[in-house]
Amino acid sequence: MADLQRPTLCCCRKVLTVPTKPTEVAPRALGQCHLVDVASASNFHSFRLRHFHLDLNINFALKRMTGWQVLELVPVQPGVRSLVLDVHSSLLIHSVDCKVPGASSGSDHFLSLSYRVEPFTDYGSSLNITLPAGAIRPHRAFRVTIRYTTTDGPAIWWLDTELTCGQTRPLVFTQGHSVCNRSFFPCFDTPAVKSTYSATVRVPDGVTVLMSASRSAYSKQDRLFQFSMEYPVPAYLVALVAGDLQHADIGPSGVVPDCHGATQNGSGSSSVTSPALVLVETPNESVLVWTVALGTVVVSHQDERSRVWAERCILTCAVSKLGGSVERCLNVAEELFGPYVWGRYDIVFLPPSFPIVAMENPCLTFIISSILESQEFLLIDVIHEIAHGWFGNAVTNATWEEMWLSEGLATYAQRRITTEAYGEALTCLETVFRLDALHRQMRLLGDNNPVSKLQAKFEPGVNPSSLMNLFTYEKGFCFVSYLSQLCGDIKKFDTFLKAYIEQFRFSSVVAQDLLDFFLGFFPELKESCVAQREGLEFERWLNDCGPPLCEPDLSAGGVLTGPVQRLCDLWGEETPDPQAIVTFDLSAWNTFQTVLFLDRLLDRSPLPQEVMSLLSSCYSALLDGMNAEVRIRWQPDCGGIQQLLSTDHTEACTTSRMYTVPLYEDLCGGVMKCFAVEVFYQTQARLHPNLRKTLQQILFHAGPASASAADPPLLDTPPEPPTSGAIALRDVNVSA
């Protein structure tokens, strides 16, 4: 890092400085003295991780990243003889070295260390490094360098050119949540450990690299990107994407030049492809100056903090859908919960192969491009990821067994932001829609299923990703809402949350930390023993199975939810009245109203054939052309389903796990498995290998595929053709 001294092109318009000593941010937490994380094989209790650095070379042809990692560690216990890190069987370790500071007058010692990789679970292994006897002392920093190569582990998703939206270059991205980043780099893969990090990434010419970092720089001559995260983050929030990505600024000052091509800025000036960049210090600020043959363009970006990244073919759509909503919501969030500490809030839209809807990587939210079809769903998901800047990223759950501390609080914060920015009615509508889905899941699982606990306990070997369910979000939200109701004033609870963030910023916490701080902040509530209130005890909220003990009042959403329920009631009558039905204009509804209506109809399935026919005649002209959130619920015949799953892959909904996986699951759970298999054979060549593995498991009941296994082969033995005909809505019921 130190050898790159010339001016560099800055992706986030800040000069990148990699400190010789990482930024020290003292974490604070109250309840972690005996913390155990059964999902980590590491001995993280024995060390303090001050900083780590990655130096990587991305090879798209081989689908590998090769390089090294340096960890700066401080032993916190005497007699530590080994360093144990989380890794994965797909991570090839080449060597491990150690740099130990010498005595005050002596030189540093460089040692080659012995190591072994041992199995841990099906989602990871342990890297056991033997430390030099006598050289490692408590509270004295030392550095370990690990040289390694990634292969095809679960964190790293390689997309061939034909699987990208623009089909111009291949693309790679990482997804670390919950315990996948151990296949990206050796780490203490637990949310209990936070540190700063930096990275150097080398790529082929024309490839743009982004990371979840607060500062970045680019050297065009060396095709080298540098990144620095100056605030401590857990391993799962380190993220990378590399491909043919373009950008537009969506901050207060509007669109500004793209550093990779000519783009109009807010004042009408333009940059020229491949300019030279120098940094100019002025009395008030530093500005970036493009020097070109015809003159110099000076652009100051001091006021902008948000940028959209995407492949060129979808960038304009992404910018138009977001508009000024990002900065608006950031401002509201800051008013509610205090300063946004991460500096940047950028968004990168990824191809439909992205395995989840969105990921709250600090400074750089990853979001699936399929969501662009629905502006309302896009807005709510972006607000949720913004809320994670405070709840989840700044203050993090210390173990995956208490994931609700991030997701439940972020969901509450998301709805507070939505209420302040867009009104209470929309918030209540979205909440009703999600709670409906929660109760639907509850009916499927039963009231005594342990996954419905907020403090979910899992045995060693259980993948924490299995805890990602609606209870984490919605039951957690209901508990936080109940705490707000205890205050009697929502503004007082806003003040509490702001103080909670201030108290625990950059720390990892357990539920007891939150609840102790809550009762300390409101001593009158502690004196009245609200934690033991009969039927609503805090302990029951955390450890009882089943639905939330109580739900918030959502009557303020009646102006939007009332028409939906009245129309559902009309369709539920023994003989629906067409004249009464046509008085409801679905074209004037937003997407949440429409999908709430369809979901509640699906809850009544199977519907009589004559009702199905009437539904089709009333709504097909409108719903057939709506976004994927609607179409995934509205496919009254095989042709519609086949079109949804077989559309050319340049369209947003195709190959998207968020739609494809649940639809296949429902088809196989109903009477349409043969049809699902036929469609799979027709479309498998266009699917990402990871998605193809998942669908093969659903269709053919294969055991869980190894994340490091070779790409699954294309299958060439089609089943008997299915019988065509109409199907009940029940057969395609997909929860959002």
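Modeller: Helix axes are lines fitted to C-alpha atoms over the stretch in contact, and angles run from 0 to 180 degrees between N-to-C directions. Residues are numbered from 1 along each chain as its sequence is written. This is a predicted model, in which local features need pLDDT of at least 70, side-chain atom pairs count only at pLDDT 80 or more, and totals for chains, interfaces and linings use all residues; side-chain values use heavy atoms, with hydrogens and water left out.

Biologist: What is the mean pLDDT of the protein chain?

Modeller: pLDDT is the predictor's confidence in each residue, from 0 to 100. Over residues 703-709 it stays under 50, whereas 80% of the residues of the chain reach 70 or more. The mean pLDDT of the chain is 84.

Biologist: At roughly what angle do the axes of helix α5 and α13 cross?

Modeller: Helices are DSSP runs of H or I with at least four residues, strands are runs of E with at least two, and both are numbered from the N terminus. Helix α5 covers residues 424-445, and its axis comes within 10 Å of that of α13. Because angles under 35 degrees count as roughly parallel, over 145 as roughly antiparallel, 65 to 115 as roughly perpendicular and the rest as oblique, α5 is roughly parallel to α13. The crossing angle is roughly 25 degrees.

Biologist: How many salt bridges does the structure hold?

Modeller: A salt bridge is a side-chain nitrogen of Lys or Arg within 4 Å of a carboxyl oxygen of Asp or Glu. Side chains of opposite charge can pair when their charged atoms come close. The structure holds 29.

Biologist: Are Arg-415 and Glu-474 buried or exposed?

Modeller: The side chains of Arg-415 and Glu-474 meet in a salt bridge at 2.9 Å, N to O. This pair links helix α4 (residues 404-422), which holds Arg-415, to helix α6 (residues 470-487), which holds Glu-474, across 59 residues. Buried means under 20% relative accessible area, exposed over 50% and partly exposed in between, with a 1.4 Å probe and protein chains only. By that scale, both residues are buried.

Biologist: Why does Arg-604 count as partly exposed?

Modeller: Arg-604 forms a salt bridge with Asp-569, with 3.7 Å between the closest N and O atoms. Arg-604 lies in the loop between α13 (591-602) and α14 (609-623), and Asp-569 in helix α11 (residues 558-572), so the pair ties together parts 35 residues apart in sequence. Asp-569 is partly exposed at 39% relative accessibility. Arg-604 counts as partly exposed because its relative accessible area is 34%.

Biologist: What distance separates the C-alpha atoms of Glu-629 and Val-595?

Modeller: Glu-629 is found in helix α15 (residues 628-631) and is buried, with a relative accessible area of 5%. Beyond four places in sequence, Glu-629 touches Val-595 and other residues, among them Ile-371, Phe-377 and Tyr-659. Glu-629 and Val-595 are 34 residues apart along the chain, and their C-alpha atoms are separated by 7.1 Å.

Methods
Contact means heavy atoms within 4.5 Å.
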